[in-house]
Amino acid sequence: MHHFHYTGPDLHCESVDLAAVAKLYGTPTYVYSAGTMADNFHRLQRGFDGVDLQICYAVKANSNLAVLRHFANLGAGFDLVSGGEIRRVLAAGGDVKSSVFAGVGKTEDEIRLALENEIFALHVESEPELARINHVAGQLGVRAPIAIRINPDVDALTHAKITTGRSDNKFGIPLRHAAAAYEAAAKLKNIRIKGVQMHIGSQLTEAGPYQEAVERIAPLAMQLKATHGITYFSIGGGLGIVYQDALASGQSAWWEALPADRRPLTPETYGAVLAPLLAPLGLKVMLEHGRFMVGNAGVLLTRVEHLKRGAGRNFLIVDAAMNDLVRPAMYDSYHEIVPLHRDSSRRALTADIVGPVCESGDCFAQGRQIQEVGEGELIALMSAGAYGYVMASRYNTRGLPAEVLVQGSMFELVNARETFDQITAREKVPAFLK
Ligand SMILES: *Cc1c(COP(=O)(O)O)cnc(C)c1O
């Protein structure tokens, strides 16, 4: 469920007319719904009713300071993957003490920053990393709280670039080496063993792989509770969202009309499958979702530059491009694309919806059917709240887009569009060329 819907002919985010936002702040602009994020957070929480739960929002999905503050206000901790993200949480007034630090290549400086800010735990991916953490903790005179990420070797049945729980990818320690890795950790005097962790991939649309992974790791978790006194089990993130029919998913329970195998994995189903497996362990359960929390809470507004009619192929050229939203070019991902102003008297148009960047990969959709729109009219790319702005670049010397947060009838610019001077501020021509 999300809060993007037509009121009359005009697309709104909560009570705000999106055309008004585009008029004030221009395009391309990301618009986020605070209410949708709160709903997602609470649905996930309710799915694990009766379990001691800590939700750590995965900052990498959308790290705008306003978004982080909103999740901090809701009571979330954070899943962090860099020193920069630790600083973002501090800047947003979030709580590092209930946050965790993941990633395969944490530098000494990043580990120090995490420990100085009393991170809840570092999620360790390898034995050399454990030694490094032990070393930095020793320098600071603290014991570093850790959990080891276990790779359960299950197939998350998702895109190859975002599956992480297979034995042939770079993440975590294989299950068969887990006990030995914990034994080794227990011998390090600046390490405090606190939990166990898994994360099997992103955009999962079935509960099966989660269930399989939790069932594989649960016996280890019980053993670690007995031998090392661990207190939590982090089952990672990865819950998928609906990209197709994204607008329809704003209506509650629209999927009930679908056959069971085509229904999206809801937080309710996810909780219903996993909570009964986790509750008997008597451990705190940690969730680290990113995409699910923000994905359907954002859209990218863009303006039509031209409708170029070709022989057998039409191109709708818009002012957003792959540098603003790279997911279609990078993961072949689907985004629903809708007009901001609906007009039933218009004909349907089938077109490739493309940006102005000089690459054929700069294409948001091929052969997409959309209501006919012309120069100057506005459209929205739905479900763009996760892995959107955070992956934006300045390719083609295009400034980073603006970001706006909506709550009810209020909205505010939470990140101004980047100017040319800002893009080039740190560049210079060296003396030897002058
Ligand atoms: C990326 C990541 C997440 C969040 O993944 P989503 O698919 O956005 O939920 C959680 N945990 C770890 C360790 C990650 O790397």
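Guide: Let's start at glycine 8, which lies in the loop between β1 and β2. (Strands are DSSP runs of E at least two residues long and helices are runs of H or I with at least four, all numbered from the N terminus.) The model is predicted, so local features need pLDDT of at least 70 and side-chain atom pairs count only at pLDDT 80 or more, while totals for chains, interfaces and linings use all residues. Residues are numbered from 1 along each chain as its sequence is written, and side-chain values use heavy atoms, with hydrogens and water left out.

Glycine 8 counts as exposed, at 53% relative accessibility.

An open sheet is formed by 3 strands in the order β1-β2-β3, with antiparallel pairing. (Two strands pair if DSSP finds at least two bridges between them.) β1 (4-7) and β3 (16-17) are at the edges with a single partner strand each, so one side of each has no neighbour in the sheet. β2, which covers residues 10-13, pairs with β3 over 2 bridges. Along that pairing, cysteine 13 is opposite valine 16 in β3.

Glycine 77 belongs to strand β6, residues 77-80, and is buried, with a relative accessible area of 0%. Leaving aside neighbours within four places in sequence, glycine 77 is in contact (heavy atoms within 4.5 Å) with Gln54, Ile55, Cys56, Tyr57, Ser98 and Ser99. Methionine 391, on the other hand, is 314 residues from glycine 77 in sequence and 22 Å from it in space, C-alpha to C-alpha.

The hairpin of β14 and β15 has 4 residues between the strands, and glycine 312 takes a positive phi near 75 degrees in it. β15 also runs parallel to β17 (residues 348-354), joined by 3 bridges; here isoleucine 317 is opposite valine 354.

Finally, step back to the whole chain. The chain has 12 helices and 21 strands. Its radius of gyration is 23 Å, close to the 22 Å that the globule rule gives for 434 residues, so the chain is as compact as a globular protein of that length. (That radius is taken over C-alpha atoms, and the rule is 2.2 Å times the number of residues to the power 0.38.) Along the principal axes, the C-alpha atoms fill a box of roughly 70 × 70 × 40 Å. Of the 434 residues, 55% count as buried. As for contacts with a separation of 6 or more, 71% are between residues 24 or more positions apart, and glycine 8 is where we began, in the loop between β1 and β2.

Technical notes
Buried < 20%, exposed > 50% of the residue type's maximum accessible area, 1.4 Å probe, protein only.
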